[in-house]
Amino acid sequence: MSRIIQIQNDFTSGELDPKLRARTDIAQYKSGLTTAKNVSIQPQGGAKRRDGTNFITELDAGAANAVRMVAFEFSVTDSYMLVFTPGKMYVFKNQALVTDINGSGNDFLAVAALTSSIIPTMNWVQSADTVIVVHEDLAPLKIVRGATDSSWTASTLTFNYVPQYAYTITTVAGTTITGDSFNHLSPSGTSGNITLEAQKSGKTASAALTQSASYYEDQYINVTPFGRLRIIRKVSNSKLECFAEVPLFDTEDIAQANFEIERGYEDVWSGSRGYPRSVTFHEGRLYFGGTKSRPSTIFGSRVSDFFNFDPGEALDDAAVEATLDTGTFNAIVDMYSGRHLQVFTTGGEFYVPQTLDDPITPSNLIVKAQTAFGIKAGVRVQNVDGSTLFIQRQGKALQEFVFSDTVQAYTSSKISLLSSHLLRTPGEMAVRVATSTDEGDRLMIVNDDDGSIACYTLLRSQNVIAPCEWTTDGTFLNIGVDVDDIYVIVKRTVNSSDVYYVEVFDPNVFLDCAKTGTAAASVTMPHLEAEEVQIIRDGIVEPVQTVAGSPSTVTFAVAATASFQVGLNFTPTMKTLPCEPNLSSGSLRGFKKRIFEINAELFETQAMSINAKEIAFRNFGAGILDDDVGEYTGIKTLNGVLGYSYDGQLTITQSVPLKMTVLGVEYKVSAGQ
């Protein structure tokens, strides 16, 4: 029989994959947990009860088919969360629904083009007052915020010039151009901008170029012995303006027998050819990536002329275009403007290199392949502290795409290597940047399989990657972050019917789908009719009530004088990994163990249970049942724990919804054969 002291100083490895139970040799084992459910890991090492959610409003039934959230930051003081359901867009500001959109009496903007098949995989980018939404089956859409919070419009983008591509090339010899009457073309130069005049017998012909302007414009003239001219404009029936992509040999007249017109070029974006899959802004250009008909091509607009994709004379500010030719299929599904323009495809990750911070131009645009993991379509990439995070194509791993100055290239590593079990068909991902030293950046991933959220606390400077799992009485469908407000769409079953609610996480709330207030004797809860709700009144937990009657009023046992919360309870759970101390005599894995004393280091905690035993937070005295439980900081000791097991684990939880922050635990273990 031996007695040992086991200490867990922090929980900064979060919940570890069950496949790591035998890896007592790795450092993460000492700071990991078997279960970290409905808690948030703090970068200092502690774990606290996760934030509850405030109820905002109910969405229409279309949310059952598709729902998506898009953050929109108009100014320092004006930011919004746009929520899309099939054919509708809701606008939220300061955790409230903006009403009477466009003065129509509706609380939503009608956007018929956004159907249930488009919303799950749509892509978007914002600039100033406009959000541009793209999808391969959707003509690019712009949503514009007007003069007020409730003034919004949606319309199809109008382009000044759409890129051209010859899906089927046909060539017409100069001698067989139907209806045209000329002997030769006279060029004004050999390179750059060139004017071609149609001439006959050495004189300008009258009405020599008889075809319509569309017959010539955006097509090409191939010249023998060499020269390739892009026709920019038909000036008149005898004159064409061109750009020499391949210079001419000289300025001699071009005989009809020495040139051909290469035709078949058409708009890359159209109803028949499809539209872009992804969009971003980068260094003064609007970039589209991956059209339905050209899935591996990126297109960049002219500088500061976002809707003009005219390559013009290929000057530095002209439109740019590049195709990912790698020998494998790479359909572009997302792009990110960071240190470089990053391009994410179904088959790998790419970037556009820039030397000495030179801008991207038509002459230097190249796209370099970096890693070959591929990205899952529909889950937008997120940036955390300089690294770009994405879900791998199969949805089984969370990857980090980061530039290495050592090798001057991007590398990818698996953030989820030790917690892959928490990723169950990811459907959406969002990041909330830390706003204080008490929290790290939060990366939250909604799982479509079971409606849970995998929440990662990240602090790269301290190598903190702490995953945990959030669940609720229902399923999380989507998530979005408006500056520092975390919005979620939750599907709940209320009074035997499925409902779809917009809710916001709140650090001061301990319940889900809650309503809060100050002084009151009751509150109406129609959104939770016939459901059991928990009540916290002036910091005191009252007995559970069932919301009944009309107007679904919940009456408090004693009127609240300062504050109240009414909503659905959830249970935080922390379970330590099996006890495995490092002893000179070897491992204790095969020995039965009994934990006989536990010392928990707490911070501002009001309620907690360890191994199903309640920890006392009240002292005897007069009137203690009329006051709320005081917040305790320090060590709480639990003695007399019975029972032997091979694992020697602690389970920390709560029976009532109050504050709980565990900084670390020390426990004494008796082991023997």
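1. Strands β4 (39–41), β5 (47–49), β42 (485–494), β51 (592–605) and β56 (661–672) each give at least two residues to the lining of the second largest pocket. The model is a predicted one, and the points below should be read with that in mind.

2. The lining of this second largest pocket has 32 residues. Those that lie nearest its centre are Q42, K48, D51, R442 and P507. The space inside the second largest pocket is about 720 Å³.

3. By class, the lining of the second largest pocket holds twelve charged, eleven nonpolar and nine polar residues.

4. The largest pocket has about 930 Å³ of space. Its lining is made up of 30 residues, and A71, W124, V381, Q382 and V481 are the ones nearest the centre.

5. Several strands contribute to the lining of the largest pocket. At least two residues each come from β7 (68–73), β8 (79–85), β12 (123–127), β25 (276–282), β29 (332–337), β33 (382–384), β37 (426–432) and β41 (475–482). The largest share belongs to β7, with five residues.

6. In the lining of the largest pocket, 19 residues are nonpolar, seven are polar and four are charged. For the second largest pocket the corresponding figures are eleven nonpolar, nine polar and twelve charged.

7. The peptide bond between T224 and P225 is cis, with omega at about 15°. P225 sits in the loop that runs between β20 (220–223) and β21 (228–236).

8. N102 is not a glycine, yet its phi is positive, near 60°. The residue is in the loop between β10 (96–97) and β11 (109–110). N102 has a relative accessibility of 38%, so it counts as partly exposed; that class lies between the limits of 20% for buried and 50% for exposed.

9. T425 is another residue other than glycine with a positive phi, here about 55°. T425 belongs to the loop between β36 (409–414) and β37, and β37 is one of the strands that supply at least two residues to the lining of the largest pocket. With a relative accessibility of 33%, T425 is therefore classed as partly exposed.

Methods:
Residues are numbered from 1 along each chain as its sequence is written. This is a predicted model: local features need pLDDT of at least 70, side-chain atom pairs count only at pLDDT 80 or more; totals for chains, interfaces and linings use all residues. Side-chain values use heavy atoms; hydrogens and water are left out. On a 1 Å grid over the protein atoms alone, a cavity is a set of points where a 1.4 Å probe fits but cannot get out, and a pocket is an open set with protein on both sides within 12 Å along at least five of seven lines; lining residues have an atom within 4 Å of a point. Grid points are joined across faces, edges and corners, and a volume is the space filled by probe spheres set on the points. Helices (H or I, at least four residues) and strands (E, at least two) are DSSP runs, numbered from the N terminus. Ala, Val, Leu, Ile, Met, Phe, Trp, Tyr, Cys and Pro count as nonpolar, Asp, Glu, Lys and Arg as charged, and the others, Gly among them, as polar. Buried means under 20% relative accessible area, exposed over 50%, partly exposed in between (1.4 Å probe, protein chains only).
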